[in-house]
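Please keep the sequence and the 3D view open while reading.

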Amino acid sequence: MKWNPADYAKNSEAQLKWARELLSLRDTRKGSHLDLKGHEAILDMGCGDGKITADFATALPQGNVTGIDSSPEMIAYATQTYPSSQYPNLAFSCLDARSLPFDRAFDLVFSNATLHWVDDHLSVLKGVSRALRDGGRLIISCGGQGNAAQVLDVFREVVTREPWNAYFDDVRNPYFFYGVEDYQDWLAQAGLESDRLELVPKDMTHPAPDGFAAWIRTTWMPITHRVPDDSRDRFIAEFVEAYLQENPPDSDGLAHIQMVRLEVDAHRPAS
């Protein structure tokens, strides 16, 4: 898929909010070991448009931050938006999270709203284990088991209609939404110790219908891009209408989507 980073950046406020909430929680939760001093090395895995990566760089004046993403478009956008002239401790690179090349390079690996796009989480975690220094932290938030079930249900109904049925045999969940038991096993295999594993319900909201349509356009491409370019906006509009009929906006005109985030907090034990 070819991403539109500028469009994503304008329509990913919920993802940004959740990432900052997660980091705030880690800073204040009793027993947290995040406690950044300002000199750490951090890897932002699936950095997307680079907003959170730049937040890290600002918070770590004596440290260094690396943002990676498999999308060349995202990396180009992030590099242009957060240039080294303004962020000398920040670098971006186009890499596949399933084959991380780093060896004992980071104190923290962070990933937000990314890993549900990745099919092989065990390979990711093994790479993270190699990339972390002893005692280093892993913090992940991604779509978890049961995520966006209402959205998928409505898509399954809409694609049976003409003319959309010509482009779909059916709709299977194109993402990889895992649960706590999956990660308990994978973390152990990767040599990482779990500190917290939790499926966390989230209520995502978007202004209806336009903001909701923009979110569908920018994050549900595995489904919407099966429809030809010249018909895609009409397909999305029909989906949005069907969704809002089943799940009406609230009194403020906001569409609600029930999400489930898998939150992972783990560390690499000392050798």
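Where is the place of Ala113? Ala113 sits in the loop between β4 (106-112) and α5 (121-131). The model is predicted, and the values below are computed from it.

## Overall make-up

The protein has 10 helices and 7 strands. Of its 271 residues, 54% count as buried. Take the contacts between residues at least 6 apart in sequence: 80% of them join residues at least 24 apart.

## Two alanines with positive phi

Ala113 is not a glycine, yet its phi is positive, about 55°. The relative accessibility of Ala113 is 11%, so this residue counts as buried, the cut-off being under 20%.

Ala148 is another non-glycine residue with a positive phi, near 55°. Look for Ala148 in the loop between β5 (132-143) and α6. Ala148 counts as buried because its relative accessibility is 0%.

## Two cis peptide bonds

Glu162 and Pro163 are joined by a cis peptide bond, with omega about 0°. Pro163 lies in the loop between α6 (149-158) and α7 (180-190).

A cis peptide bond also links Ala208 to Pro209, and omega is again about 0°. Here the proline, Pro209, is in the loop between β6 (193-207) and α8.

## Helix α4: one buried face

Which residues of α4 are buried? In this helix, residues 72-81, they are Met74, Ile75 and Ala78. Viewed down the axis of α4, these buried residues fall within an arc of 95°, so they line one face of the helix.

Tyr77 also belongs to α4. Its relative accessible area is 24%, which makes Tyr77 partly exposed. Tyr77 and Asp49 are 28 residues apart along the chain, but their C-alpha atoms are separated by 6.3 Å.

## Helix α5: mostly covered

How many of the residues of α5 are buried? The count is 8 of 11, and the helix is mostly covered. The buried set is His121, Leu122, Val124, Leu125, Gly127, Val128, Ser129 and Ala131. These buried residues pack against β1 (41-45), β4, β5 and α7.

The axes of α5 and α7 come within 8 Å and cross at roughly 40°. The two helices are therefore oblique to each other. Their crossing is right-handed. On the α5 side, His121, Leu122, Leu125, Lys126 and Ser129 make the contact; on the α7 side, Tyr183, Trp186, Leu187, Gln189 and Ala190 do. By type, the residues of this contact are 6 nonpolar, 3 polar and 1 charged.

## Helix α10: packing with α6

Two packed helices are described by the angle between their axes and the distance between the axes. For α6 and α10, the angle is about 120° and the axes are 10 Å apart. That angle makes α6 oblique to α10. α6 passes α10 in a right-handed crossing.

From α6, the contact residues are Gln150, Val151, Val154, Phe155 and Val158. They meet Phe235, Glu238, Phe239, Ala242, Tyr243 and Glu246 of α10. The contact of α6 with α10 divides into 8 nonpolar residues, 1 polar and 2 charged.

## Helix α10: packing with α8

α10 (residues 229-246) also packs with α8 (residues 210-219): their axes come within 10 Å and cross at roughly 125°. α8 is therefore oblique to α10. The crossing in which α8 passes α10 is right-handed.

Which residues of α8 meet α10? They are Phe212, Ala213, Ile216 and Arg217. Facing them in α10 are Ile236, Phe239, Val240, Tyr243 and Leu244. This contact of α8 with α10 holds 8 nonpolar residues, no polar ones and 1 charged. Phe239 and Tyr243 of α10 meet residues of α8, and both also meet residues of α6.

Note on methods: Residues numbered from 1 in each chain as written. Predicted model: local features only at pLDDT ≥ 70, side-chain atom pairs only at ≥ 80, totals over all residues. Heavy atoms only, no water. Axes fitted to C-alpha atoms, helices over the stretch in contact; angles between N-to-C directions. Helix = DSSP H or I, 4+ residues; strand = E, 2+ residues; numbered from the N terminus. Parallel < 35°, antiparallel > 145°, perpendicular 65-115°, else oblique. Left-handed = near helix turned anticlockwise from the far one by under 90°. Contact = heavy atoms within 4.5 Å. Nonpolar A, V, L, I, M, F, W, Y, C, P; charged D, E, K, R; others polar. Buried < 20%, exposed > 50% of the residue type's maximum accessible area, 1.4 Å probe, protein only. Arc of directions from axis to C-beta.
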